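Q: I have a structure open and would like to talk through it. Can you take my questions as they come?

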Amino acid sequence: IAFEQLKSKLEQEGLFDRAHKRQLPFLPRTVAVITSPTGAAVRDIISVARRRHPGINLLVIPALVQGADAPASLVRGLELAAVQPDVDVVIIGRGGGSFEDLAVFNDEGLARAIVHCPKPVISAVGHETDVTIADFVADVRAPTPSAAAELAVPSYLDLAERVKYLESSLQRQVLDRI
């Protein structure tokens, strides 16, 4: 009941409006990852991000993701990410768990901190079927932490292919003018 009441309240205030959602950067310099430094989620995010783009900068900001102190810890993580000049996008989340385990991502203060973060925020909480208030207020919801890394970090190989295509297209245009 509390979840539905908070969801309704924040929705009425416009915190879920698509018009306020920011786009993710095409090629971020640094991705901040706010999560437990010892959980599987951080390992998955790092693994996927490094596979997609070995040169990407990742800033892991340790935070509690369970328990009474977790919402404040996550808010501090967002505040820290917000003041880092090279951070272009933030992933916040944790791996799966019970509804009670994920409840910290249903905190009103955390929801407001996500909305007010000056950097685009990807919510990466739990598994595909898990839904939290953080998912609704974030700029992008990822179904898993691994998917969040895929959304945040472009594939180096795809980028290289685009550059090759543009290069050959440009060469054809030059030759056509000659």
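What follows is a working chat about this predicted model.

Q: How many helices and strands are there in the protein chain?
A: The protein chain has 8 helices and 5 strands. This is a predicted model, so everything here is computed from predicted coordinates.

Q: In what order do the elements run from the N terminus on?
A: The run is α-β-α-β-α-β-α-α-β-α-β-α-α.

Q: What box do the C-alpha atoms fill, and what share of the residues counts as buried?
A: Taken along the principal axes, the C-alpha atoms fill a box of roughly 70 × 35 × 30 Å. Of the 178 residues, 44% count as buried.

Q: On to the sheet. What is the order of its strands?
A: The order is β2-β1-β3-β4-β5, in an open sheet of 5 strands with parallel pairing. The edge strands are β2 and β5, residues 140–141, and each of them pairs on one side only.

Q: What does parallel pairing rest on, in general?
A: Strands of a sheet pair through backbone hydrogen bonds, and the pairing can be parallel or antiparallel.

Q: Let's take β1. How many bridges does β1 have with β2?
A: Strand β1, residues 30–35, pairs with strand β2, residues 57–62, over 6 bridges in the parallel sense. As for individual positions, Thr 30 stands opposite Asn 57, Val 33 has Val 60 as its bridge partner, and Thr 35 has Pro 62.

Q: Which helix goes with β1 and β2 in a β-α-β unit, and is that unit right-handed or left-handed?
A: Helix α2, residues 40–52, makes the unit with β1 and β2, and the unit is right-handed.

Q: And how many bridges join β1 to β3?
A: There are 5 bridges between β1 and strand β3, residues 87–94, and the two run parallel. Across that pair, Ala 32 stands opposite Val 90 and Ile 34 stands opposite Ile 92.

Q: Which residues of β1 point which way?
A: Thr 30, Ala 32 and Ile 34 point one way from β1, while Val 31, Val 33 and Thr 35 point the other way. In a regular strand the side chains alternate between the two faces of the sheet.

Q: Why is β1 described as largely enclosed?
A: Because 6 of its 6 residues are buried, β1 is largely enclosed by the rest of the structure.

Q: How many residues of β3 are buried?
A: In β3, 8 of the 8 residues are buried, and the strand is mostly covered. β3 is also joined to β4 by 5 bridges, again with the strands running parallel. In that pair, Val 90 has Val 121 of β4 as its bridge partner.

Q: Now the largest nonpolar core. Which residues touch the most other members?
A: The core has 32 residues, and those touching the most other members are Ile 34, Leu 74, Leu 78, Val 90, Ile 92, Phe 105 and Ile 114. Elements that each supply at least two residues to this core include α1 (2–12), β1, α3 (70–82), β3 and α5 (108–116). Helix α3 gives the most to this core, with 5 residues.

Q: Switching to pockets. What lines the largest pocket?
A: Its lining is Phe 16, Arg 18, Lys 21, Asp 135, Phe 136, Ala 138, Asp 139, Val 140 and Arg 141. Helix α6 (133–137) and strand β5 each supply at least two residues of that lining.

Q: How much space is in the largest pocket, and what is the lining by class?
A: About 170 Å³ of space lies in the largest pocket. By class, the lining has 4 nonpolar, no polar and 5 charged residues.

Q: Where does Pro 54 lie, and is Pro 54 buried or exposed?
A: Pro 54 lies in the loop between α2 and β2. Pro 54 is exposed, with a relative accessible area of 57%. The C-alpha atoms of Pro 54 and Ser 155 are separated by 9.3 Å, although the two residues are 101 residues apart along the chain.

Q: Last one, Leu 170. Where is Leu 170 found, and why does Leu 170 count as exposed?
A: Leu 170 is found in helix α8, residues 156–177. Leu 170 counts as exposed because its relative accessibility is 53%, and the cut-off for exposed is over 50%. From Leu 170 to Ser 123, 47 residues apart along the chain, the C-alpha atoms are separated by 39 Å.

Terms used: Residues are numbered from 1 along each chain as its sequence is written. This is a predicted model: local features need pLDDT of at least 70, side-chain atom pairs count only at pLDDT 80 or more; totals for chains, interfaces and linings use all residues. Side-chain values use heavy atoms; hydrogens and water are left out. Two strands pair if DSSP finds at least two bridges between them. Helices (H or I, at least four residues) and strands (E, at least two) are DSSP runs, numbered from the N terminus. A crossover is right-handed if, with the strands pointing away from the viewer, the path from the first strand over the helix to the second runs clockwise. Buried means under 20% relative accessible area, exposed over 50%, partly exposed in between (1.4 Å probe, protein chains only). On a 1 Å grid over the protein atoms alone, a cavity is a set of points where a 1.4 Å probe fits but cannot get out, and a pocket is an open set with protein on both sides within 12 Å along at least five of seven lines; lining residues have an atom within 4 Å of a point. Grid points are joined across faces, edges and corners, and a volume is the space filled by probe spheres set on the points. Ala, Val, Leu, Ile, Met, Phe, Trp, Tyr, Cys and Pro count as nonpolar, Asp, Glu, Lys and Arg as charged, and the others, Gly among them, as polar. A nonpolar core is a set of buried Ala, Val, Leu, Ile, Met, Phe, Trp, Tyr and Cys residues joined through side-chain atoms within 4.5 Å.
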